[in-house]
Amino acid sequence: MTWDIGTIILLIMSGLHHASILFIVAAGLTLVFGVLRVINMAHGSLYMIGAFVAASVIQQTGGAGGFWLALLAAPVAVGLVGAVIEFGVLRRIYQAEHVVQLLATYALILIFDDLVKMIWGAEYKSVSAPAALAGSIRIGDQSVPVYNLFVITWALILAAALWLLIYRTGLGRLIRAAVEDAEMLEALGVNIPRIFSSVFIIGAFLAGLGGVLVAPRGSIGLGMDLDILIEAFVVAVIGGLGSFPGALLGAGIIGMMYSFGTQIAPQMAMAFVFLAMVIVLIIRPWGLFGEPER
Amino acid sequence: MRSKYSAAGVLMVLLGLVVIVPPAEAQKPIKVAMVNTTTGGAALYGLAGIEGAKMAVAELNASGGVLGRKIELIVRDDAAKPDVGSREIRDVILREEVAAVFGPVSSGVLLAMSEVAKENKTILIAQTSNTERAFVERGHRYIFSVVTNTFIEGSAMGLYMAKKPYKRYFVIGPDYEFGHIQSEAFERRLKENKKDVEIIGRIWPKLGETDYTSYITAIIAAKPDAVYSNLFGSDLIAFTKQAKGYDFFKKFPFAALYDVDTLQGLGKEVVEGVIGYERGPFHVIRKLAPSQRVEDFIKKYRAATNKYPSCWAINSYDAVMAWAKAVKKANTVDTEKVVDALEGLELDSLRGPGRYIRKVDHQANVGSYIGVVAWDKSFPDFALWKDATYIPGDKVWRSEAEVLEVRAKAKK
């Protein structure tokens, strides 16, 4: 292979694209952990449900409008599922051991796997991107899919929106305070359960959004829940569980490692990713942007 | 991330065991079991296989059963995990005392289940998983295959591609048992039949990978003449859709497992002109070996599932029917006698006549179907193939002497 400028641009674009999806999903995972102190094992399931809902919306509406409708409807639907989970399950076990929370959310993976199979069946679904996003653009002598650029743009917009939400709104201030010390906040008379619910719904919304965005470029099927869960988890751990800028940086690192790693040593790309996680954990066990447990 | 999480990990594995309770026992039926994948990414294949097996059992029971006894099919989920598969097969053998087992989907699970079948002297017939190693290196008296194994499948494609002018190949396949050893067979046969070919690169994305962009760009940067792949199912759908945006298929001729499920899944996103191969596509069978039986099967399958049957369904049906025929021939369900009957048995295969099980590795003479993906005007549902051919198993499989040689080498 040759390291011409076209190839390098191609690799950077592909790394950014991978990072974009990872960021969107990992941001939800890390946000929920930061505030609720629960590792939501079912986060991948929410992502899978987002993709299936998107497929149904696109297939039902047909036409070019379907995708745009799905982009709105699926995250909202998944947000509602998140509300049900938070209210029905998590709210009852916040005080319990971590292991109980892990088991409960792991049980949700199995339940959602069966529910998805009952509702949508086991066969693969595949939907198309709208015509405006279907083509590719030329960069030098290489082609890059327009859809990938769309996903990257969307991730950037989302990063900005999340930043505004967390650092510039009242809810964001409460969320940051809850990350610092939820008990103190409660003592001050803040309705903590409501904040927890809001955060979990936002987390679910993000998982659902990730699901919609991957829908047109992959196959939608059972099993996509666990794949994304592991990758998002690695991203969140590298960035620091609970840290939102950490998720952004972690996703960028993993995306580029996949993209360039596959080019340089294809057999090792996966190993590089986990190696990165191990190194970060040795040097900073709380992640690049995380804070040590008090 | 302290130590309590690892305890949680153990519990999770325990929780992952999904057991389907068998129906209540009837009056002395012959029990058989299918241990197949019904959860996770491979559930599509597992469920299709179960449907095919159920149809075979229903047909047998409708005609009075086997040896005058009804057949009862017990279904278990192996969750695509070797440990779960071996536990389930042990359970159906010891507790349910089944006469034979069919399954599984994954080649990794097959190797694990095969050990249990051998230990307990119970017949295991593979109908989806197809690693050659289970029948050659680790073959034994009780394991049989009615599915195109990795050697036949890879070799058939090697033979087919050797006729093309391409010299520099890139290989991409899923990173597990099946992907690696099927590619080995492909490369070997390709090089035997075309001296000047070169494999310029091989990459192995993990099974179930969803983002192929880095692999696609790696292949584009390597500039091969053609790309050979044994990606399949959801992986192949994702790869195809993502590669399209990079004008990948305009740049490189491409061959992969474009089977009925994948074509159906791809729908309008399908790429015409890529080369597909499969182990029993109904649309080719009905052309190459037309019969009322196949048409009836397709019709019944559609009535039951609202789908067209995949090769997993067809091969599973064949597996049950092969066992039933051997039992009738042996006139007993006694395992040793049924094994003797299976060796050399001529299958009543949906795929057509001439398919028999040879003695040396218990592999059925079933070959590979190859064609070029294209829309068929008379079939609007999804794209099929054109210019389809069939390369029979006995044209490309290992000679008996070679099977024994490979086996002897493995023992050392």
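Modeller: Start with one term: the radius of gyration is taken over C-alpha atoms, and the globule rule is 2.2 Å times the number of residues to the power 0.38. This is a predicted model, in which local features need pLDDT of at least 70, side-chain atom pairs count only at pLDDT 80 or more, and totals for chains, interfaces and linings use all residues. Residues are numbered from 1 along each chain as its sequence is written, chains are lettered from A and ligands numbered from 1 in the order in which they are written, and side-chain values use heavy atoms, leaving out hydrogens and water.

Colleague: What radius of gyration does chain A have, and what would a compact globule have?

Modeller: For 294 residues, a compact globule would come near 19 Å; chain A has 19 Å, so the two agree. Its C-alpha atoms fill a box of roughly 60 × 50 × 35 Å along the principal axes.

Colleague: And chain B?

Modeller: First its elements. Helices (H or I, at least four residues) and strands (E, at least two) are DSSP runs, numbered from the N terminus. Chain B has 16 helices and twelve strands. The radius of gyration of chain B is 21 Å, close to the 22 Å from the globule rule for 412 residues, so chain B is as compact as a globular protein of that length. The box for its C-alpha atoms is roughly 65 × 60 × 50 Å, again along the principal axes.

Colleague: How many helices and strands are in chain A?

Modeller: Eleven helices and two strands. From the N terminus the order is α-α-α-α-α-β-β-α-α-α-α-α-α.

Colleague: How do I read the confidence?

Modeller: Chain A averages 90, and 98% of its residues score at least 70. Within chain A, S1(A) is lowest, at a mean of 85, and helix H3 (residues 65-88) is highest, at 95. Chain B has a mean of 91, with 93% of its residues at 70 or more. Over residues 1-26 of chain B, however, the pLDDT is below 50; this stretch still has 37 contacts in the model beyond near neighbours in sequence. A contact means heavy atoms within 4.5 Å.

Colleague: How many residues does each chain give to the contact between them?

Modeller: Chain A gives 52 residues and chain B gives 49. Buried area is the accessible area (1.4 Å probe) that two parts lose on being put together, summed over both. Here it is about 4200 Å², and carbon and sulfur atoms give 59% of that.

Colleague: Which polar features cross the interface?

Modeller: Two kinds to look for. A polar contact is a pair of N or O atoms within 3.5 Å; within protein, one must be able to donate a hydrogen and the other to accept it, and residues adjacent in sequence count only if both atoms are side-chain atoms. The rule finds 15 residue pairs in polar contact between chain A and chain B, with both residues at pLDDT 80 or more. A salt bridge is a side-chain nitrogen of Lys or Arg within 4 Å of a carboxyl oxygen of Asp or Glu. Three salt bridges link chain A and chain B. A:Arg138 and B:Asp247 form a salt bridge through their side chains, at 3.9 Å from N to O.

Colleague: Which element gives the largest share of chain A's side?

Modeller: Several elements give two or more residues, including helix H1 (5-36), helix H4 (98-120) and helix H10 (244-264) of chain A. H4(A) gives the largest share, eight residues.

Colleague: Show me a salt bridge inside one chain.

Modeller: The count over all chains is 31. In chain B, B:Glu96 pairs with B:Arg76, the closest N and O atoms being 3.7 Å apart. B:Glu96 lies in the loop between helix H3 (82-94) and S3, and B:Arg76 in strand S2 (residues 71-77), so the pair ties together parts 20 residues apart in sequence.

Definitions and conventions: pLDDT = per-residue confidence, 0-100.
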